[in-house]
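This briefing covers strand pairing and aromatic contacts. The structure comes first, and the notes follow by topic.

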Amino acid sequence: LVQDATPAQLAGGRWRALPVLPAGQLDQRERAAVVWTGRQLIYWGGASHPPVRAHADGAAFNPDANQWATLPPAPEGQWQLEGDDGVAVAVDDGVAVWTGREVLVWGGMTIPDPVAAPNMATLADGVAYDPARRTWRRLPRPPVQLRWASLNQWVLWTGRELMVGGVEAGPGGGTRAGAYDPATNRWRLLPRSPKLTGGPGHLQARTAMWAGTRLLVWNFWSPTARTANNPSAVASRPNAEPDGIDLWAYDPAGDRWTVLPDPPDQVRRMVAGASMVWTGQEMIIASAQTAQRRTVTRAGRYNPDRARWTPIAPPPRSRGANPGRVSLEWTGSAVVEPGNAVYDPAADRWLPLPAEPDQATPPLVAESPARALLRVQTHADGAVQVYVLEPDRPPATPDPPATR
């Protein structure tokens with residue numbers, strides 16, 4: 001995966017098919033975790049049915065050898081939750097990441113007793129794989145304050161820690177959060193967050209994201225409280241225009257929360273179904289909203305500290321399976337809507353990406369920057385095909401001959 005490719009290089013790239021992982025090497029499955037370590041592509045876990053089964057095995061592709069090798073089985077099997085945008089894993093549900101030493105998978109679902117209760121799924125504990133030693137380990141369970149009965153939680157990777165949060169019970173309605181450090185193999189609780197405007201019953205959606213050096217938590221609320229028979233319906237992004245937004249920031253260095261300025265009305269009016277990414281300096285927000293049978297796509301740059309909104313060119317209508325939704329990813333150097341276009345900030349325009357390798361099959365890649373650059377397809381016979389989007393690179397310039 002090339003994370004420093006320019007928008008023009010991504011737009012001029014091509015999809016390259018890796019060698020097929022043959023049928024029979026792994027049982028047929030869906031919703032597997034896919035992680036690039038810098039040396040190997042890890043394809044692990046997933047689910048099959050009926051009966052529902054959580055797989056604990058997987059395979060690794062080595063580009064140098066141009067071949068796949070099976071992985072040792074993990075102590076638990078799990079599959080990645082399907083996000084509300086229809087593409088594999090929602091950021092708010094779980095992560096599959098490379099820490100620099102281990103593949104860390106947390107927040108998926110598992111079947112604790114496949115014999116006595118084959119269809120009873122619960123949140124998985126989480127596992128970590130060390131490619132150098134070819135060994136797995138279970139992650140320690142989080143503190144009891146973080147073990148919620150519902151799935152209304154957010155999960156993200158900071159580059160150092162796994163952060164997990166959920167809706168805090170009680171009148172404040174904040175987020176009770178914790179962080180797991182794989183270097184020390186320990187969890188810690190974050191201090192209590194600020195309180196919600198109007199309390200927890202008015203929270204409609206909550207989006208958490210890592211913004212380089214701090215955590216940003218967006219709380220979308222309405223003066224109308226949720227109904228008593230649906231008290232925990234907190235989505236990862238609002239489906240309708242909220243009446244207000246509470247925006248908080250958590251600084252791990254100072255171990256404290258800050259309430260940021262309320263976003264302006266331009267942001268509030270477009271966040272329904274919106275996708276948001278942090279570019280290292282600011283946020284890019286885009287949404288596609290339908291009214292009176294007409295879909296309007298809008299986008300802009302947002303500075304959360306100054307509450308400054310700057311409109312930008314919106315992405316073109318998606319060519320994917322869900323053209324009524326926008327889903328952005330940050331590759332490390334460019335904002336991409338996978339399967340559609342890449343944003344060129346210098347020209348304020350979107351460049352079309354190469355056509356998908358198989359238009360009939362949606363991408364099945366864990367939520368991460370890899371989603372913009374990888375496609376994983378499981379065929380009916382169980383064979384796995386992986387495609388890599390190779391940027392258009394200029395040919396290397398040979399070194400000049402040495403002179404005496």
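**Aromatic pairs and sheets**

Both Tyr180 and Trp187 are buried. The model is a predicted one.

**Aromatic pairs**

- Across the whole structure, the search finds 10 aromatic pairs.
- One of them joins Tyr129 and Trp136: the ring centres are 4.8 Å apart and the planes stand at 35 degrees, so this pair is tilted. The cut-offs matter here, because planes under 30 degrees apart would count as stacked and planes over 60 as edge-to-face.
- Tyr129 is buried, and so is Trp136.
- Tyr180 and Trp187 make another tilted pair, with ring centres 5.5 Å apart and planes at 40 degrees.
- Tyr129 and Trp136 also belong to one aromatic cluster, in which Trp44 is the other member.

**Sheet E8-E9-E12-E13**

- Four strands make up this open sheet, in the order E8-E9-E12-E13, with antiparallel pairing.
- Its edge strands are E8, covering 95-98, and E13, covering 135-138; each of them pairs on one side only.
- From one strand to the next, the twist averages 15 degrees.
- Strand E12 spans residues 127-130 and is joined to E13 by four bridges, the two strands running antiparallel.
- Tyr129 has Trp136 in E13 as its bridge partner. The two residues of this bridge are thus also the two whose rings form the tilted pair with centres 4.8 Å apart.

**Sheet E14-E15-E16-E17**

- This open sheet likewise consists of four strands with antiparallel pairing, here in the order E14-E15-E16-E17.
- Strand E14 (153-157) and strand E17 (186-189) are the edge strands, and each pairs on one side only.
- The twist in this sheet averages 20 degrees from one strand to the next.
- Four bridges connect strand E16, residues 175-181, with E17, and these strands run antiparallel.
- Within E17, Arg188 is the bridge partner of Ala179.

**Points to look up in the model**

- Which residue in E13 is the bridge partner of Tyr129? The partner is Trp136.

How values were computed: Residues numbered from 1 in each chain as written. Predicted model: local features only at pLDDT ≥ 70, side-chain atom pairs only at ≥ 80, totals over all residues. Heavy atoms only, no water. Phe/Tyr/Trp six-rings, centres within 6.5 Å; stacked < 30°, edge-to-face > 60°. Buried < 20%, exposed > 50% of the residue type's maximum accessible area, 1.4 Å probe, protein only. Pairing = 2+ DSSP bridges. Axes fitted to C-alpha atoms, helices over the stretch in contact; angles between N-to-C directions.
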